[in-house]
Amino acid sequence: MAFVQFSQVSLAFGDRDILKNVTINLQTASKVALTGANGAGKSTLIKVLAGITKPDSGNRAVQKETRVVYLPQSGLTHHGCSLKEEADKAFEFGYEMQRQIDFIGEQLQKGEGNTDSLVLQQAELIQKLEDSQWYRREAACESVLLGLGFSRSDFEKRTEEFSGGWQMRIALAKALMQNPDILLLDEPTNYLDIEARGWLEQFLQNFKGGFLLVSHDRYFLDVTINEVFELFNGELKRYPGNFSHYEKVREVELKTLIAEYEQQQQEINKLEDFITRFGYKATKAAQAQEYQKKLDKMVRIEIPESLKKIHFTFPPAPHSGRLVLRMNDICKSYDGSKNVLNHLDLTLENSQRLVVAGKNGAGKSTLLRIIAGVDSDFSGEIIPGAGVKIGYFSQDNAETIKGKETILEYLEARAPLELIPKLRDMLGAFLFRGDDVYKSLDVLSGGEKSRIALLQLLLSPVNLLVLDEPTNHLDIHSKDVLLSALKDFGGTVIFVSHDRGFIEQLATVVLELKPGEFKYFPGDYVYYLEQTEAVQNRQNLNEKAADNSNQNLDKKNGGNVAQKVESKSESKLSWEEQKKRESERRKIEKKVSRLEEEIENLENKKNELETKLSNPEIYSNGEKAKAVQKEIEEIASQIEIVTLEWEKASEELI
């Protein structure tokens, strides 16, 4: 079995320990999420696994001929060829094996070397090439590129024509097409829309090799991985189960520590408040100095950022009427011929949280810019309700943030007085921790400025929030803080997001956009998915029925006289034949019913075992946890087998 492992690995940057005696083993069956606070060293650990960064001490071992592919979170660009030609570079390992096979073939023809040995080598290479799917590379290339959102018309485009986000999609496509033994992915979902994320979820679920990935999308992690490694204070600890299960187990583990942390934070706040208020008063100066010494000597309790309970609320939303916004006959075109938005009508009521769904290019961001008043080049009318005050966020907001002010100074000057005491916590929730709050605006990255722009908007007293990708550049914990605040927000929200978990928990209504089309769904995102799936299923059935009808018509028109006579006689089935067919159908129906019951029983057993796995007596005992996890995997395999049998039986009923 292919594997990558290292033991007792340590790495320090200056006086800070990034990795302390870390041990990890990735095999072809591994489906691992790596988690930890921003700056904990996750990317560094992946680079050590990939062999890019050398540790200060410890051992790294890779099974012979194990193919490891690493994808960084950003910074890759491609140029000099078409998309299809660039994608084909992913199969260089196959071209190299083919060259070796051809070379051995030439040696055999010339009678050079040991014939038996050469034949054996060639046979092994041919088998490896077959197993790697190299012979099916064109189909794999097309499947992966289309799955990640490229169109067939993109295949011949020059790679330098693609933007930075699409450049990373090219890099991700190449990593997946190499079909390695071990895949290391550092935030692969950063540049993917919700459709591409869904495709990647399916790909990883079916992936035969092992993988380790970092992602800030909880839903994505829950459906792709079965174990979590947490990096905290340089140490690595393993948790079996999906990401949500890890969070529950970790919170139980740290319950006492969190209570101690919160108690210490209260004490720190009291001391700091006293020092701030009385530090310059002569009568209190000595006491303030004593408090400062106490603070300096205090051993600070640290817990993972994801488990810190930070909560904030928006300023009260100004009152508005029941009808917040009406859009009448909105049309928008960029080329004067084809409408991106086509005769769109929509009425939005107070307190609704509308998610705008649709593929890239469907006009989601365009619609939000029109609603926010940023884009006035459209036909139709936008009618805001009485007292409506709009707050708009997009990634472009970051461009307006500049100057020599510190982050804290910038926000203090713009925050309502009642929120100023909470600014440090709010900045912490948006990944500005410790001395980060004293950074000058001019030195911030684009992602940091976007987080500041979002936080600035949330401090404003508005009653209609228009948010275009507010979860970009946020980790899971920050998304939770934002989600909680938006749920408690007293106004109305219109938003676009590619994070399915965030959408499912926030949206109360859905507007789906397709090029030139729109459809309103008066329910949450789960309702929307159910409705669209039902429509797709009906279309598939209609297409299948049409195909069957066409096939029957072809047979009827193309058959000879004898076949027509036979067909006619078959249309008048004997009573015995009808009875026989009905009997066979009843047997199949019973089989389908039995298989459905079996699937339900297996699902119940699986749920019981997963519940059992969350028992401290189990998860704290490595052997017991491993045994339960093995049972879960075995039942999951049984469910898959029985489900396939059920699908086959169900098709016989159609």
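**Exercise 1. Classify glutamate 267: is this residue buried, partly exposed or exposed? Then place its salt bridge.**

Step 1. Glutamate 267 has a relative accessibility of 32%, so this residue counts as partly exposed. The model is a predicted one.

Step 2. Take the partner. Glutamate 267 forms a salt bridge with lysine 294, and the closest N and O atoms are 3.1 Å apart.

Step 3. Locate both ends. Lysine 294 sits in helix α11 (residues 285–297) and glutamate 267 in helix α10 (residues 255–278). They are 27 residues apart, so the pair links distant parts of the chain.

Step 4. Check the other end. Lysine 294 is partly exposed too, at a relative accessible area of 43%.

**Exercise 2. Which parts does the salt bridge between glutamate 65 and lysine 128 tie together?**

Step 1. Start with the distance. The closest N and O atoms of glutamate 65 and lysine 128 are 2.4 Å apart.

Step 2. Assign the elements. Glutamate 65 lies in the loop between β4 (57–62) and β5 (68–71), while lysine 128 belongs to helix α4 (residues 115–131). The bridge therefore ties together parts that are 63 residues apart in sequence.

Step 3. Glutamate 65 is exposed at 54%. Lysine 128 is partly exposed at 33%.

**Exercise 3. Where do the two residues of the glutamate 142–arginine 152 salt bridge lie?**

Step 1. The side chains meet at 2.7 Å, N to O.

Step 2. Glutamate 142 is in helix α5 (residues 137–147), and arginine 152 is in the loop between α5 and α6 (164–177). The parts tied together are ten residues apart in sequence.

Step 3. Glutamate 142 is partly exposed, with 32% relative accessibility. Arginine 152 is exposed, with 52%.

Step 4. Widen the view. The structure holds 28 salt bridges. Glu230, Lys237, Arg250 and Glu253 are linked in a network of them.

**Exercise 4. In what order do the strands of the three-stranded open sheet run, and which stand at the edges?**

Step 1. The order is β2-β1-β4, with antiparallel pairing.

Step 2. Find the edges. β2 (16–27) and β4 each have a single partner strand, so one side of each lacks a neighbour in the sheet.

Step 3. From one strand to the next, the twist averages 15°.

Step 4. Examine one pairing. Five bridges join β1 (residues 3–13) to β4. Glutamine 5 stands opposite alanine 61 in β4.

Step 5. α1 (residues 42–50) lies across β1, β2 and β4, and runs at about 130° to β1.

**Exercise 5. Describe the surroundings of serine 215.**

Step 1. Serine 215 lies in the loop between β7 (210–214) and α8 (218–224).

Step 2. Its relative accessibility is 6%. The cut-off for buried is under 20%, so serine 215 is buried.

Step 3. List the polar partners. A 3.2 Å polar contact joins the side chains of serine 215 and threonine 189. A polar side-chain atom of serine 215 also lies 3.1 Å from the backbone nitrogen of aspartate 217.

Step 4. Beyond neighbours within four places in sequence, serine 215 contacts Thr189, Phe220, Leu221 and Ile476.

**Exercise 6. Where is the pLDDT below 50?**

Step 1. The protein averages a pLDDT of 85, and 90% of the residues score at least 70.

Step 2. The pLDDT is below 50 over residues 559–573. This stretch has five contacts in the model beyond near neighbours in sequence.

Step 3. Coordinates predicted with low pLDDT should not be read in detail.

How values were computed. Residues numbered from 1 in each chain as written. Predicted model: local features only at pLDDT ≥ 70, side-chain atom pairs only at ≥ 80, totals over all residues. Heavy atoms only, no water. pLDDT = per-residue confidence, 0-100. Contact = heavy atoms within 4.5 Å. Salt bridge = Lys/Arg side-chain N within 4 Å of Asp/Glu carboxyl O. Helix = DSSP H or I, 4+ residues; strand = E, 2+ residues; numbered from the N terminus. Buried < 20%, exposed > 50% of the residue type's maximum accessible area, 1.4 Å probe, protein only. Pairing = 2+ DSSP bridges. Axes fitted to C-alpha atoms, helices over the stretch in contact; angles between N-to-C directions. Polar contact = N/O pair within 3.5 Å; in protein donor to acceptor, adjacent residues only side chain to side chain.
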